Amino acid sequence: MWGLKPKYQLAILALLVLAVTVALTWSLLSHLEFAILMGSLGTGLVAVWMLGLVRGAWRQASQLDEAVPRFVALSGTGAGSSFPAGPSPRPGPSPRPGPSSWSGSVSAISSAPRARAGGAPGSRRPSRKRDERVALAADATVSLGDERRESGIDEVFAALDRQLVGLAPVKKKVEEIASLLLVDRVRQQFGLTAPRPNLHMCFTGEPGTGKTTMALQMGDLLHRLGYLEKGHVVHAMRDDLVGQFIGHTAPKTKRVIEEAFGGVLFIDEAYYLYRASDSKDYGQECIDILMQVMENDRDKLVVILAGYKDRMEEFFQSNPGMSSRVAHHLDFAPYRLDELVAIGKAMLGEASYYLSDSAETALRDYLTMAMDQPRFANARSVRNELEQARLRHAHRLAADADRSWSKDDLMRIEAADIFPTPAFEL
Ligand SMILES: Nc1ncnc2c1ncn2[C@@H]1O[C@H](COP(=O)(O)OP(=O)(O)O)[C@@H](O)[C@H]1O
Ligand SMILES: [Mg+2]
């Protein structure tokens, strides 16, 4: 009917029937009867609507308990992607959390609920804290394999392998940290007390080398091992932490720290907190608060400082107090050409695409050229180029509207879909 979708046709039909019914009852019934009929009809409709509202609110409330925000982006952290895997933080500034014990005037923070590594989306494996576990007799024995299985950390390592191709030295370091916490857990069961290990970290590396992705998995890992209560990650940059006027910085920093309690505070490009050249800068105030929290509130959060390696080293030289509070340094080396190609293939595989032989050569040529560009961002650039390839692939197929395409055609990226983008577009 008039080229309208069936649901609109139905709506028009229903309205017509309603109009005819109203007209008929108006002419057949007395005014009083008509008023009573319409009144009860209206009341019925309002009751149904309110019932729907109550049901919706109930559902939302019960979902809130399960949906733990995995990644809270206080500032933009790069483009999202239609390819699976990797963090997709919601870009743009978000409002802040509700009233805090530190600062009076704060509004609610919005956060992007994410699937946890491994497991079903939104599912949280309950972790048992160090002191909540069953005590063991002095002559008992334990298997670290059982402990590992019980904690569920293998799911995190599986997710890491899926999401991050290569990065063997970084993954080894993460394994070491996990082992430390596993042994710490079983020692606790025997009543062997030791100070809580310091897990503040520094992730150095160029953009797109997997630092944020690793931070997300780290939060999950530390949660499963009972070290962090929630395991979410709050991503912050200088502007989220440092104020522009006197008296602004402390509440700003404390608000972000409070948001991160129970999880990881990931400070990207941490060296921008400190501006040696500007004596009026408030960055030092923020650094002082951070150092205090890193020392005194170790049981509440893990701070990860991230950025380029050389700049982080300079930052630590100017702030030895900060350097001494960071226990683990993980260096994310820039990817070699072969690794970038492997990453690209893995990304495509996750999305059920693959490269033809000639497309692989084209991708290699493209990356060889792109790697020399100043704004090249390692795996992120690969992801972006493959997004473009996917667009070109779709456009190529759609352009030949009458041709029949097979399942394989729908999956195969050809060389024509990957062409070197002019350098200025990188
Ligand atoms: N080793 C890797 N294997 C697969 N994908 C990767 C790898 N390293 C990074 N990526 C992807 O590249 C993108 C950028 O990674 P990200 O963790 O944000 O890097 P960084 O924080 O170092 O800038 C993400 O989509 C991520 O999934
Ligand atoms: Mg990042």
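A: Let's start with helix H4 (residues 153-163) and helix H6 (residues 211-224), which pack at an angle of about 170° with their axes 9 Å apart. Helices here are DSSP runs of H or I, at least four residues long, and strands are E runs of at least two, numbered from the N terminus. Axes are lines fitted to C-alpha atoms, for helices over the stretch in contact, and angles run from 0 to 180 degrees between N-to-C directions. H4 and H6 are therefore roughly antiparallel to each other (angles over 145 degrees count as that).

On the H4 side, the contact uses Ile153, Val156, Ala159, Leu160 and Gln163; H6 brings Thr213, Gln217, Asp220, Leu221 and Arg224. Contact means C-beta atoms, placed from the backbone, within 7 Å. Sorted by type, the residues of this contact are 5 nonpolar, 3 polar and 2 charged. Nonpolar covers Ala, Val, Leu, Ile, Met, Phe, Trp, Tyr, Cys and Pro, charged covers Asp, Glu, Lys and Arg, and the others, Gly among them, are polar.

Keep in mind that this is a predicted model: local features need pLDDT of at least 70, side-chain atom pairs count only at pLDDT 80 or more, and totals for chains, interfaces and linings use all residues. Residues are numbered from 1 along each chain as its sequence is written, with chains lettered from A and ligands numbered from 1 in the order in which they are written.

Zooming out, the protein has 15 helices and 9 strands. Of its contacts with a separation of 6 or more, 76% join residues 24 or more positions apart.

Key. Contact = placed C-beta atoms within 7 Å. Parallel < 35°, antiparallel > 145°, perpendicular 65-115°, else oblique.
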